[in-house]
Amino acid sequence: MFNILVVEDDAKLRQLFCTVLTRNGYRAVPAGGGEEALAVLDKEYIDLIICDIMMPRMDGYELTQTLRDNNQQLPILMVTARENFADKQRGFLVGIDDYMVKPINVNEMILRVGALLRRAKIISERKIEWGGTVLDYDALTVIQRHESILLPQKEFYLLYKMISYPNKIFTKQQLMDEIWGMDSESDEHTVVVHINRLRERFKESTDFEIVTVRGLGYKAVKLG
């Protein structure tokens, strides 16, 4: 069972979030503010934090900054009534992972919590399991049907990136910037070449395929 710390100074909202989380199979741990949240974290293991911004004594920004400064990388979902870009930008700059604006759709909140927990598991284990396919980041290896395939570094990173975000469309420029770096002298044709190599290698895969979205880019799609 995952432990979710709910940091919210509004008692009714805090109780609502905790109730919804509990009904969805999580263990909800309430905290009325940032300082109380730090006290909880000193005592027990927490998998994810749902945190308000506007709280007395220590707000959500300060709490996030404190955790990141102490190298605590657990996912943080910030929930707030503030919806302007500057507030969202500040949140991401201090280290939050996701952002929701009040009033909150609690069903959407549960979906976001699940996605953040899955992402955190992928990052900590540095492996992705997709059907019968396993991508091992540290070994640059794809395992399918008990066969281990060692990929060239850029090919592996390209595949790992797309499979980490299934159905998300990446432009050639996005992939170029993230995999080769923004200072790379290579052009977008390099991405096309690597995509074609991956398609050839995994043309018989029954777990995934790389789809071209005309005029936009590429996405990884789960099969079966």
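Start by selecting T64: at 0% relative accessibility, this residue counts as buried. You are looking at a predicted model.

Stay on T64 and show the secondary structure. T64 sits in helix 3, which covers residues 60-69. Beyond its neighbours within four places in sequence, T64 is in contact with I76, M78, V94, G95 and I96.

Move on to charged pairs. Side chains of opposite charge can pair when their charged atoms come close. The whole structure holds ten salt bridges.

Select K102 and E8. Their side chains form a salt bridge at 3.2 Å, N to O. K102 is in the loop between strand 5 (98-101) and helix 5 (106-125), and E8 is in the loop between strand 1 (3-7) and helix 1 (11-23), so the pair ties together parts 94 residues apart in sequence.

D52 belongs to strand 3 (residues 48-52), so its pairing with K102 ties together parts that are 50 residues apart in sequence.

K102 is partly exposed, at 24% relative accessible area. E8 is buried at 2%, and D52 is buried at 5%. E8, D52 and K102 are linked in a network of salt bridges.

Last stop: R82 and D87. Their side chains meet in a salt bridge of 3.3 Å, N to O.

Definitions and conventions
Residues are numbered from 1 along each chain as its sequence is written. This is a predicted model: local features need pLDDT of at least 70, side-chain atom pairs count only at pLDDT 80 or more; totals for chains, interfaces and linings use all residues. Side-chain values use heavy atoms; hydrogens and water are left out. Helices (H or I, at least four residues) and strands (E, at least two) are DSSP runs, numbered from the N terminus. Buried means under 20% relative accessible area, exposed over 50%, partly exposed in between (1.4 Å probe, protein chains only). Contact means heavy atoms within 4.5 Å. A salt bridge is a side-chain nitrogen of Lys or Arg within 4 Å of a carboxyl oxygen of Asp or Glu.
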